[in-house]
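Trainee: Could we go through this model together before I write up my notes? I would like to start with the overall fold and then move on to details.

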Amino acid sequence: MENIYLLMIVALAVLAVADLIIGVSNDAVNFLNSAIGSKAIPFKTIMIVASAGVAIGAVFSSGMMEVARNGIFNPDQFMFNEVMIIFMAVMITDILLLDFFNTIGMPTSTTVSIVFELLGASVAMALIKVAHDGGSLTDAINYINTSKATEIIFGILLSVVIAFTIGAMVQWVARLLLSYNFEKKAHWVGALFGGIALTSITYFIFIKGLSGTSLASQKLDFLGDTTLKDYIESHVSVIVALSLTFWTLLSYLLLALLKINIYKLIILVGTFALALAFAGNDLVNFIGVPIAGWVSYSTWAGSGVAADAFSMAFLADQVPTPTILLIAAGLIMVATLWFSSKAKSVVKTSLDLSSQEETKERFQPNFLSRTFVRTAILGSQMSSYLLPESWQAKIEKQFEKPVIPLKRDKTYELPAFDLVRAAINLMVAAALISVATSMKLPLSTTYVTFMVAMGTSLADRAWGAESAVYRVAGVLNVIGGWFFTAFVAFISAAIIAYFLNWNVQVMVPIFLLIATLLLVRSYIAHKKKAQETKEEGSLTRAESSSVQGVIHESAENIAHVIKRGNRIYTNAINGLAKQDLTLLKKNKKQVIKLSDEIDELRDHIFYFIKNLDESSIGASSFYINILGYLQDIAQSLEYISKVSHKHVNNNHKKLKFSQIKELKEVDARFERLFENTRNAFESRSFEEIGLILNRKAEIVSLVSTKIQKQVERTRTEESSPKNTTLYFSILLETKDLLAAIMNLLEEYHGAFDSSIKPAKLSDEQAE
C-alpha cells in the first residue's frame with residue numbers, strides 16, 4: 001500500500017510543474033496587461049522586469065503555503081490516506097480546469113479554482129466519513145473551515161464590484177484633470193500624479209508583496225523584538241507620508257531636470273510590483289498542495305503508523321518550504337512567461353476588451369449586454385439634463401482624443417490605451433489589493449486587476465457606441481466563466497475524490513492517464529490551430545492610398561479567399577458524395593470563419609477612406625467593389641455548405657450516382673479555375689487574368705448543361721423532391737459563385753491595365 005502513496009507523491013510533483021506552467025499562462029495577464037497594452041516600454045524590457053518580480057516573489061513566498069494545509073479544511077479531522085486523496089483530486093482537477101481556460105484564451109482565478117477544489121474534495125471526503133460512521137449530514141461541517149471558506153467567497157464577490165467601481169471613478173477623475181494631453185501639463189501636475197501612483201505601488205509591495213513571505217515574519221536587529229510585518233502595519237501612516245513626499249520630489253526632479261517620462265516609470269515599477277505579488281502569493285495555488293502532500297508523506301513515512309490511523313493535525317502548524325523548491329518554481333514560472341503561447345492569448349482577451357482603438361470583437365452581444373448598454377445610455381442622457389452646458393463642454397474637451405495618423409507599416413499596431421490609463425490600472429489594482437490584504441480580506445488578484453481594467457475602460461470611453469455591446473458581452477462572459485470555475489472546480493474535485501476513495505490503487509493510475517491524455521490532446525489541438533492559422537493566413541486590411549497600391553495589397557487576400565473557397569467547395573461536394581456529416585459540419589464552420597473575416601474588412605472601409613489622399617479617391621471605389629465581390633463569393637460558398645450539411649444532417653436520400661458524377665465534373669473544372677486564379681494573384685501575374693476570363697463562357701455552359709440534364713431527369717425518372725431541390729440549389733448557387741469570381745477578375749483586369757485585351761487560353765494553360 002505504501003507504494004501507491006509514493007506514486008501519488010511523484011505524480012503530485014509532476015502535476016506541480018505542469019500546474020506552474022498552466023497557472024502562469026493564465027495569471028500573466030495580471031501584471032503584463034497594462035505595460036503591453038500601453039506600449040510604454042519595449043516588450044523585452046517588460047518581460048525582464050516581470051521576470052525579476054516573479055523570481056524574487058517566488059523565493060520569498062514560503063509563508064503563503066498554509067492555505068493549502070489548513071485554510072479550507074480542518075486537518076485534525078482527517079487521516080493521512082484521506083488527505084492524500086484530497087490533494088490528488090485537487091491537483092488533477094486544477095490542471096485540467098486551468099488548461100481549459102488557457103486554451104480558450106479566457107482569464108480565470110487560480111485562487112478561486114484551488115479554494116473550491118479543496119472545498120469540493122474536502123466536502124466529499126467529509127461526507128464519506130460521516131456516512132461510514134453513521135453520523136448526520138450536519139456533522140460534515142466539523143471537517144470544513146466554514147468561516148474561512150465563507151470569508152473567501154464573500155471577499156471575491158465583493159472585490160469584483162468594488163474593483164470595477166473604483167477603477168472607473170479614479171480613471172474618470174484622472175482623465176478630467178489630465179486629459180489626453182497629459183504630457184503637456186505643468187511638471188508639478190505630473191510629479192503629484194507620480195507621487196500618488198508610486199506611493200500606492202510601494203505600499204502594495206510592502207503590504208501585499210512581502211507581508212506573507214518568510215522575510216516579513218523575521219525579527220530584524222534594528223527593529224528589536226518587532227517583526228518586519230508588525231512594524232509596517234503599525235507605521236502605515238508614516239510610511240505612506242514619507243513615500244508620498246519622496247516619490248513626489250523624485251518625480252519632479254525626473255520630469256524637470258532629466259526629462260524622464262514619469263508615467264513610463266510608474267508602469268515599470270507597477271509591473272514589477274504586481275509580478276512580485278503574483279509570485280509571492282499565488283505560488284501557493286500551484287505548488288502549495290504538492291508541498292503539503294510531500295510534508296504529509298515524509299511525516300507519515302517515519303511514524304510507523306498505518307495510513308488510515310495517522311492524524312494530520314500537524315498540518316495546522318507552519319512548516320517552512322525549502323528554498324531550493326521555491327527557486328526551482330521561480331525558474332519554471334519565468335521560463336513559462338517567456339515561451340507560453342497560451343499566456344499571450346489570455347493577455348490578448350483582456351487587451352481587446354479594454355482597447356481604446358478598433359479591434360476584432362470576439363464576443364457576440366446578448367440580452368444582458370444590450371440591456372446594460374441601454375441603461376447606461378439612459379443614465380448618460382439624464383445626467384446631461386442635470387449638468388450645465390458649459391460644464392458638459394469642458395468635460396467633453398478633457399475627454400477629446402487626439403487624432404493619431406495611421407502609419408503605412410502594416411506591422412505597427414496602435415497602443416490599446418495611453419500611459420495614463422495604464423498607470424491608473426496598476427495604481428488602483430495595487431491600492432485595492434494592499435488595503436484588502438491589510439484588512440485580512442481574501443480576494444483574487446486576477447479578478448481585481450481585470451475588473452479595474454474594465455472599469456477604467458468604461459470611464460475612458462473605450463466602450464463607445466460602436467463597441468459597447470460587444471465589450472460588455474465579453475466582460476459578462478469572463479465573469480460567467482469565473483462562476484463556472486468555482487462550480488466545476490467544486491463538483492469535479494468532489495467526484496474525483498469519491499472515485500479515488502473507492503479504490504485508490506486502481507483509480508490513481510486511471511485518473512493520471514486520463515489527465516495526461518487530455519493535456520496532450522489540448523496541446524496538440526492548440527498547436528494545430530495555431531499552425532492552421534499561420535498557414536492559412538488571415539485577411540489583411542489595405543492601407544495604400546492608390547489604386548495600384550491597393551491592387552497589390554489586396555492580391556494576397558484574393559489568393560487566400562480563392563484557396564479557402566476551393567477547399568470549401570470541394571469539401572461540400574465530397575461530403576455529399578460520402579454522406580460525411582463530420583466533414584460537412586467542419587466545412588460549415590470554415591466558411592463562417594471566412595465570412596467573418598471578410599465582414600471585418602468591410603467594417604474597416606471607414607478608416608481606409610479616411611486615410612486616402614485627395615488625389616487617390618479612386619482607390620476607395622476599387623477597394624469597396626473588391627470587398628463586395630469577396631462577400632458575394634463567401635455568401636455563395638456559405639449557402640452551398642449550408643444546404644449540403646442540412647441535407648445529410650436530416651438523413652435525406654443520397655444523391656444519385658449520375659448527380660454526384662456531374663457535380664464532381666463541375667468541381668474538377670472549378671478546381672482548375674480556382675488554381676489558375678490563385679496562382680495569378682500569388683505571383684502578382686495580373687496579365688494572366690485575361691486568359692482566365694476567356695474561359696468564362698465555357699464554365700457557364702458546363703453548369704447550364706448540368707442544370708438542363710437535371711430538368712430532363714426530373715421530367716422522366718427523378719422521384720425525390722429533396723434531391724432535386726438540393727441539386728438545383730447547388731448548381732444555381734455555383735453559377736452565382738462563378739459570376740462573383742468573374743466580376744472580381746474583371747475589376748482587377750480593368751484596374752490593373754485597361755488596355756490589355758483578354759488573350760486566348762491555350763489547352764495546356766486551361767488544364
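**Overall make-up**

Mentor: The chain has 27 helices and 0 strands, where helices (H or I, at least four residues) and strands (E, at least two) are DSSP runs numbered from the N terminus. This is a predicted model, in which local features need pLDDT of at least 70 and side-chain atom pairs count only at pLDDT 80 or more, while totals for chains, interfaces and linings use all residues. Residues are numbered from 1 along each chain as its sequence is written, and side-chain values use heavy atoms, with hydrogens and water left out.

Trainee: What percentage of the residues count as buried?

Mentor: Of the 767 residues, 52% count as buried, with buried meaning under 20% relative accessible area, exposed over 50%, and partly exposed in between (1.4 Å probe, protein chains only). The chain exposes about 35200 Å², and carbon and sulfur atoms supply 63% of that area; accessible areas come from the Shrake-Rupley method with a 1.4 Å probe, and for residues only the protein chains shown count as cover.

Trainee: And what share of the contacts joins residues 24 or more positions apart?

Mentor: Among contacts in the chain with a separation of 6 or more, residues 24 or more positions apart account for 85%, a contact being heavy atoms within 4.5 Å.

Trainee: Which residues lie nearest its centre?

Mentor: The lining of the second largest pocket has 30 residues, and Ala 376, Ile 377, Ser 380, Leu 458 and Ala 459 lie nearest the centre. Two or more lining residues come from each of α6 (146-178), α13 (367-386), α14 (389-398), α16 (445-459) and α17 (468-502), with α13 giving the largest share, 8 residues.

Trainee: How does that lining divide into nonpolar, polar and charged?

Mentor: It divides into 21 nonpolar, 7 polar and 2 charged residues, where Ala, Val, Leu, Ile, Met, Phe, Trp, Tyr, Cys and Pro count as nonpolar, Asp, Glu, Lys and Arg as charged, and the others, Gly among them, as polar.

Trainee: Now salt bridges: how many are there?

Mentor: The count comes to 9 salt bridges, each being a side-chain nitrogen of Lys or Arg within 4 Å of a carboxyl oxygen of Asp or Glu. One of them joins Arg 175 and Asp 460, whose closest N and O atoms are 2.7 Å apart. Arg 175 lies in helix α6 and Asp 460 in the loop between α16 and α17, so the pair ties together parts that are 285 residues apart in sequence.

Trainee: Are those two buried or exposed, and what network do they belong to?

Mentor: Both Arg 175 and Asp 460 are buried, and together with Asp 418 and Arg 421 they are linked in a network of salt bridges.

Trainee: What about Glu 665 and Lys 706?

Mentor: Their side chains meet in a salt bridge at 2.4 Å, N to O. Glu 665 lies in helix α23 (residues 657-682) and Lys 706 in helix α25 (residues 696-716), so this pair ties together parts that are 41 residues apart in sequence. Glu 665 is partly exposed, with a relative accessible area of 34%, whereas Lys 706 is buried at 4%.

Trainee: Last topic, the backbone: what is phi for Lys 39?

Mentor: Lys 39 has a positive phi of about 50 degrees although it is not a glycine, and this residue lies in the loop between α1 (2-38) and α2 (43-59). Asn 651, in the loop between α22 (618-649) and α23, also has a positive phi, near 60 degrees. Lys 39 is partly exposed, with a relative accessible area of 43%, while Asn 651 is exposed at 68%.

Terms used. 1 Å grid on protein atoms, 1.4 Å probe; cavity = no way out; pocket = protein on both sides within 12 Å on 5 of 7 lines; lining within 4 Å.
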